[in-house]
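Please read the following account alongside the sequence and the three-dimensional model.

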Amino acid sequence: MSIQRFHSGPRMSQMVIHKDTVYLAGQVADDPTPDVETQTRQILGQIDALLAEGGSDKSKLLSATIYLTDMSTFGAMNKAWESWVDTANPPARATVEAKLAAPEYLVEIQVTAAK
């Protein structure tokens, strides 16, 4: 069985590939000072980069889980998401309100994609 791990630390890997499936860890903004829409755009850029490194792209997304610290920001997050997602190939998706690892993070996104 072949498992590849990328950008690994003692606690987690940012990406794991098993067979033809790419699993990303939850991604948060590099700069958590802006609003939720801007943080979402940063995260989606990180997802693009990781998927490319893993031999995939957003057209192959299987699922996405989006964590928001405040569900009232759902519309602002969706504005960024809808301008990014491949509308011909949208993934299964869930969005939940959650307390994140640090208060400055307003959104975290985890995706799984086919290779």
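The paragraphs below describe strand pairing, a helix, the nonpolar core and some backbone details.

This is a predicted model, in which local features need pLDDT of at least 70 and side-chain atom pairs count only at pLDDT 80 or more, while totals for chains, interfaces and linings use all residues. Residues are numbered from 1 along each chain as its sequence is written, and side-chain values use heavy atoms, with hydrogens and water left out. Helices (H or I, at least four residues) and strands (E, at least two) are DSSP runs numbered from the N terminus.

Strands are taken to pair if DSSP finds at least two bridges between them. Strands E1 and E2 are antiparallel and share five bridges, with a hairpin of four residues leading from E1 to E2. Ser 8 lies opposite Ser 13 of E2. Strand E2 is in turn antiparallel to E3, through four bridges, and Met 15 has Leu 24 in E3 as its bridge partner. The hairpin of E2 and E3 has two residues between the strands.

Buried residues have under 20% relative accessible area, exposed ones over 50%, and partly exposed ones lie in between (1.4 Å probe, protein chains only). Among the buried residues of H1 are Ile 43, Leu 44, Ile 47, Leu 50 and Leu 51, but also Glu 37 and Gln 39. The buried residues of this helix pack against E1, E2, E3, E4, H2 and E6. Just after H1, Gly 55 has a positive phi of about 85°.

A nonpolar core is a set of buried Ala, Val, Leu, Ile, Met, Phe, Trp, Tyr and Cys residues joined through side-chain atoms within 4.5 Å. The largest such core has 24 residues, of which Leu 24, Ile 47, Trp 81, Val 107 and Ile 109 touch the most other members. In soluble globular proteins, nonpolar side chains tend to be buried together.

What surrounds Trp 81, neighbours within four places in sequence aside? Its contacts (heavy atoms within 4.5 Å) are Thr 40, Leu 44, Ala 64, Ile 66, Pro 91, Arg 93 and Ile 109. The charged end of Arg 93 sits over the ring of Trp 81, 5.3 Å from the ring centre; this term requires NZ of Lys or CZ of Arg within 6 Å of the ring centre and within 35 degrees of the ring normal. Trp 81 and Trp 84 are both buried and lie three residues apart in H2, about one turn of the helix.

Two residues other than glycine deserve a look for their backbone. Most residues other than glycine have a negative phi. His 7, however, which lies in strand E1, has a positive phi of about 50°; because its relative accessibility is 48%, His 7 counts as partly exposed. Lys 19, in the loop between E2 and E3, has a positive phi near 55° and, at 67% relative accessibility, counts as exposed.
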